[in-house]
Amino acid sequence: MSLGDRIKKIRLNNQLTVRQLAEKVGVSASFIYQLEQNRVSPSFSTLKSLAQVLNTNISLLVEEDLPEEWLVVRRQNRKKVVTDNPGLSLELLTFLGAREKRMQPFIFRLEPGAVYDEFKMFSSEREDFFYVLSGSLEICLPGKNYRLETGDAAYFIFDHPVLLKNPGPSPAEVFWIISPPM
């Protein structure tokens, strides 16, 4: 069943006209009609609004029809995060946007001797997972430091800022997941 067919079926089950659905979603009735005829595709934000108005979730609307760019980030399409730290590069491994996320994965690189202490953006308790792809990473907590080497992983629940540093002689490349996302 196509996306348009699913939307039409759920709209009818909710006893909504095309015009009523369009008004609630904030699009034209013509757009809803074309969508149900599979002539146009909605943006992610419109799809999210449709799911909300139809009292369902996005995955039930699209099932296997999710566009690849909503699921897969190709290496060349990673978004680089600008930091004030010259020894740090940070790349997002998910797309940017209003999609509801429960985690935020990154790849970050720390040059030898570089330190990352910019945790001002984190205002509440969070869970962090680190996997060292190459090099060394030191995770400094109040009263305790953990040194990770290539292939090591660590999982923490943080409620206070930490310090990350590269104590090794070569660049460190680390896969990092933060939940909830910042």
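Me: In this predicted model, which residues does Met103 touch, not counting residues up to four places away in sequence?
Reply: Met103 touches Ile177, Ile178, Ser179 and Pro181. Met103 itself sits in the loop between strand 2 (88-92) and strand 3 (104-110).

Me: Is Met103 buried, exposed or partly exposed?
Reply: Met103 counts as partly exposed, because its relative accessibility is 43% and that class lies between 20% and 50%.

Me: How far apart are Met103 and Asp128 in sequence and in space?
Reply: They are 25 residues apart in sequence, and their C-alpha atoms are 9.3 Å apart. Asp128 has Phe156 of strand 8 as its bridge partner. Strand 5 (residues 126-134) and strand 8 pair in the antiparallel sense, over 6 bridges.

Me: How do I read the sheet as a whole?
Reply: In general, strands of a sheet pair through backbone hydrogen bonds, in a parallel or antiparallel way. Here 6 strands form an open sheet with antiparallel pairing, in the order 1-2-3-10-5-8. Strand 1 (79-81) and strand 8 (153-158) are at the edges with a single partner strand each, so one side of each has no neighbour in the sheet. From one strand to the next, the twist averages 25°.

Me: Which residues of helix 4 are buried, and why do they line one face?
Reply: In an α-helix there are 3.6 residues a turn, so residues three or four places apart point the same way. In helix 4 (residues 44-53), the buried residues are Phe44, Thr46, Leu47, Leu50 and Ala51. Viewed down the helix axis, they fall within an arc of 160°, so they line one face of helix 4.

Conventions
Residues numbered from 1 in each chain as written. Predicted model: local features only at pLDDT ≥ 70, side-chain atom pairs only at ≥ 80, totals over all residues. Heavy atoms only, no water. Pairing = 2+ DSSP bridges. Helix = DSSP H or I, 4+ residues; strand = E, 2+ residues; numbered from the N terminus. Axes fitted to C-alpha atoms, helices over the stretch in contact; angles between N-to-C directions. Buried < 20%, exposed > 50% of the residue type's maximum accessible area, 1.4 Å probe, protein only. Arc of directions from axis to C-beta. Contact = heavy atoms within 4.5 Å.
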